[in-house]
Amino acid sequence: AFSRSRASCLGLGAMDLRTFLLLLLCSRLCQGLLGPRVFARPQRALGAAGTESEVITPAVTGEVLARSLPYIQRYAGEYVVVKYGGHAMVDPSLAKQFATDMVLLQAMGIKVVIVHGGGPQIKNMLTRLDIESHYVEGLRVTDAATMEVAEMVLCGSINKGIVASIQQAGGVSVGLSGKDGSILRTRKAEKSVIDPQSGRPIPVDLGLVGEPERVDISLITKLCDQGVIPVIAPIGMDAKGNSNNVNADTAAGAIAGALEAKRLLLLTDVAGVLDKSMKLLPKLSLSDVAALVEDGTITGGMVPKLQTATDAVRNRVDAAIIMDGRVQHSALLELFTDEGVGTIISQ
């Protein structure tokens with residue numbers, strides 16, 4: 001059974017050159033984990049106001065690097081799918097940090113795949129173009145005009161902006177949509193709302209909203225094997241060649257399942273899954289999730305996110321994490337520390 005403590009520790013053994021270089025790369029990780037401290041020789045350093053600040057000695061730096069090794073060994077050669085969105089994508093400092101972190105993961109031998117959202121940006125562009133949005137019980141209807149804007153924004157400015165950030169950080173990245181290489185073959189999404197009078201579900205037509213029917217990972221695996229980070233916009237294509245707008249969480253989960261990823265990281269603007277006392281639930285099993293939805297602990301937008309997570313785990317993803325993308329270096333903290341970030345869902 002998966003343990004949230006992740007306390008199992010591997011012996012260092014004989015380190016080859018690659019491992020040594022990877023540990024040096026982890027100096028970035030150390031700076032992120034240890035916060036506002038200074039890497040220096042063992043002496044006291046003056047802070048901005050002339051006060052003494054704590055100094056991290058080479059010995060402490062080496063200890064943190066050494067502790068990172070078991071995690072590097074755990075994930076090297078494995079797929080990690082990251083759903084990127086929310087505040088982490090619109091805050092310039094967090095976006096730059098995210099790109100650097102993804103390059104670091106890839107340099108460690110982890111096969112990183114990014115799937116991004118862009119709902120607020122689509123909404124802003126629709127407003128600028130004076131295209132009215134229509135909703136059914138809070139769910140946006142994607143008509144032909146909205147679909148055209150969604151594809152333009154997701155596959156254009158957002159996707160290429162993420163690619164540019166990764167390449168500025170020293171990585172190699174390629175921007176794709178789910179239509180490229182037939183990554184996401186979609187069917188019309190079937191949605192329903194509850195009739196308040198009868199209590200029965202009523203089907204609703206959301207237009208060109210799709211859900212994954214089949215995932216082709218061949219293009220993704222070829223890119224990752226060449227050291228390239230794929231950045232995928234959640235636009236799929238149906239059997240007739242029509243574009244479909246796919247929920248980014250759903251797209252990321254489907255791709256993670258097809259890749260049998262080691263981890264699915266779902267970046268959000270909340271700390272994770274909370275209980276009724278608003279305290280973080282650090283780990284959940286599939287049966288825990290079902291019980292919490294049944295008793296009303298989990299409601300609203302967290303329900304579909306957890307559905308994505310549980311579906312991914314059922315489809316051979318080792319674990320899915322709903323995590324706070326507003327936390328600096330959140331992906332590194334989740335993958336390379338015992339504590340992790342957010343709520344982990346596993347078998």
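This is a predicted model: local features need pLDDT of at least 70, side-chain atom pairs count only at pLDDT 80 or more; totals for chains, interfaces and linings use all residues.
Figure 1. Helix 8 spans residues 218-225, and its buried residues are I220, T221, L223 and C224. These four lie on the same side of helix 8 because they cover an arc of only 165 degrees around the axis. Buried here means under 20% relative accessible area.

**Figure 2. Packing partners of helix 8.**

**Figure 3. Exposed face and end of helix 8.** K222 and D225 are exposed and sit on the face turned away from the buried side of helix 8.

**Figure 4. Strand 13 and its pairing with strands 10 and 16.** Strand 13 (residues 209-215) pairs with strand 10 (residues 184-188) in the antiparallel sense, over 5 bridges. Within this pair, E211 of strand 13 stands opposite R187. Strand 13 also pairs with strand 16 (residues 243-246), in the parallel sense and over 2 bridges. Here G210 has V246 of strand 16 as its bridge partner.

**Figure 5. Whole chain, for orientation.** The chain has 347 residues, of which 46% count as buried. Its secondary structure consists of 12 helices and 20 strands. Of the contacts between residues at least 6 apart in sequence, 72% join residues at least 24 apart. The accessible surface is about 17000 Å², and carbon and sulfur atoms account for 53% of that surface.

Definitions and conventions
Residues are numbered from 1 along each chain as its sequence is written. Side-chain values use heavy atoms; hydrogens and water are left out. Buried means under 20% relative accessible area, exposed over 50%, partly exposed in between (1.4 Å probe, protein chains only). The arc is that of the directions from the helix axis to the C-beta atoms. Contact means heavy atoms within 4.5 Å. Accessible areas come from the Shrake-Rupley method with a 1.4 Å probe; for residues, only the protein chains shown count as cover. Two strands pair if DSSP finds at least two bridges between them.
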